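Please walk through the structure below, taking its contacts one at a time.

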Amino acid sequence: MSAPGFVRDDVAAGLDEIGGLRLEWAVACNVGSVREANEDGALVRPGTYLLADGMGGHDCGEVASEIALDVLSRVDTGGEQDATREAVDALLVEAQDKIGDVDTSSERRAGTTATGAVLIERDGSPHWLVFNIGDSRTYCVRDGVLEQVTVDHSQVQEFVDAGMMTPEQARVDARRNVITRALGGGMEPPRADFFVFATEPGDQLMLCSDGLTGELPDPEIADILADAETAQDAVDNLVEGALALGGHDNITVVLVRVAAGDAADDNTGDDDAVDDNTGADEAGGDEAGGDEKTDADA
Ligand code: MN
């Protein structure tokens with residue numbers, strides 16, 4: 001029995017109207033062409049968009065990712081930044097404890113990545129609080145430019161940070177699956193990175209597992225996002241694109257397209273999303289946390 005809003009081996013789409021914003025979202029979660037089990041999952045609640053990529057094999061990874069999504073889905077949306085961040089941190093600890101309780105018949109332990117975007121309020125206007133552990137990513141398209149918000153916790157990312165590898169070399173390197181942070185039993189206490197930026201009409205927020213980015217280079221992802229008419233078309237086309245290149249891993253995409261709500265009958269001011277808060281915040285440029293992003297736990 002899965003939590004409300006949980007998606008695996010399926011597609012889903014909807015419209016959330018919150019705080020003067022219209023958030024058109026869609027999810028596609030596909031097992032791919034090679035793997036037998038789908039250890040990815042996604043979960044959408046109004047104002048909360050989550051994705052996890054489990055590991056550990058059958059009966060481990062799929063359980064771990066679903067536990068993480070179930071626990072994280074309890075975060076409140078629309079709260080203040082610090083309180084929401086603390087809530088996410090506490091839920092990550094709870095998720096890790098529950099994953100640690102999963103009985104594994106094999107030698108491998110259950111674990112999972114997690115990334116998510118939670119709508120919060122900062123200085124009276126809506127913002128995204130984005131977090132990640134592992135190599136599942138959140139991107140933002142603003143003014144037609146696709147920007148990766150999160151930074152992978154992976155061995156190849158450390159090579160990139162050290163100037164030993166380009167991002168494109170890292171994308172196809174044989175060591176790309178080695179991640180340096182995850183949620184799971186026997187692992188270090190969970191340590192997520194957090195990013196905060198304004199929720200701007202016209203933006204597209206995309207969460208994805210490495211089954212997408214391992215197949216499709218960012219420029220192709222950007223083209224697909226730019227060409228799609230609806231969020232549902234976009235996630236369908238992204239999954240199709242990854243499958244066409246081999247679908248070597250499970251592929252999951254969550255897309256949220258932000259539009260201004262119908263402000264005509266909204267005179268409260270507080271809920272008006274189209275305040276003058278443009279320009280100051282750039283996606284990914286405003287890290288809320290003090291974490292050293294290049295630190296490795298493993
Ligand atoms: Mn994966």
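Y49 and W128 are both buried in this predicted model. Their ring centres are 5.9 Å apart and the planes meet at 75 degrees; since edge-to-face requires an angle over 60, the pair is classed as edge-to-face. Y49 belongs to strand β5 and W128 to strand β8 (residues 125-133), so this contact ties together parts 79 residues apart in sequence.

Strand β8 also supplies F131, whose partner F194 lies in strand β12 (residues 193-198); the pair therefore ties together parts that are 63 residues apart in sequence. Here the geometry is tilted, with 6.3 Å from centre to centre and 40 degrees between the planes. F131 has 1% relative accessibility and so counts as buried. F194, at 1% relative accessibility, counts as buried too. The structure holds two aromatic pairs in total.

Which residues coordinate the manganese ion? The donors are OD atoms of D53, D210 and D249, at 2.1 to 2.2 Å. Their sequence spacing reads D-x156-D-x38-D. D53 sits in β5 (residues 48-55), while D249 is in the loop between α7 (231-244) and β14 (251-260), so these two tie together parts 196 residues apart in sequence. Both D53 and D249 are buried.

The last element is helix α1 (residues 61-72). Its 12 residues should span 16 Å at 1.5 Å a residue, and the end C-alpha atoms are 16 Å apart, which agrees. Because nine of the 12 residues are buried, α1 is largely enclosed by the rest of the structure. Among the buried residues of α1 are E62, I67, L69 and L72.

Conventions: Residues are numbered from 1 along each chain as its sequence is written. This is a predicted model: local features need pLDDT of at least 70, side-chain atom pairs count only at pLDDT 80 or more; totals for chains, interfaces and linings use all residues. Side-chain values use heavy atoms; hydrogens and water are left out. Donors are N, O and S atoms within 2.8 Å of the metal (3.2 Å for Na, K and Ca); water is not among the atoms, so sites may look incomplete. Helices (H or I, at least four residues) and strands (E, at least two) are DSSP runs, numbered from the N terminus. Buried means under 20% relative accessible area, exposed over 50%, partly exposed in between (1.4 Å probe, protein chains only). The expected span of a helix is 1.5 Å times one less than its number of residues. Rings of Phe, Tyr and Trp (its six-membered ring) pair if their centres lie within 6.5 Å; planes under 30 degrees apart count as stacked, over 60 as edge-to-face and the rest as tilted.
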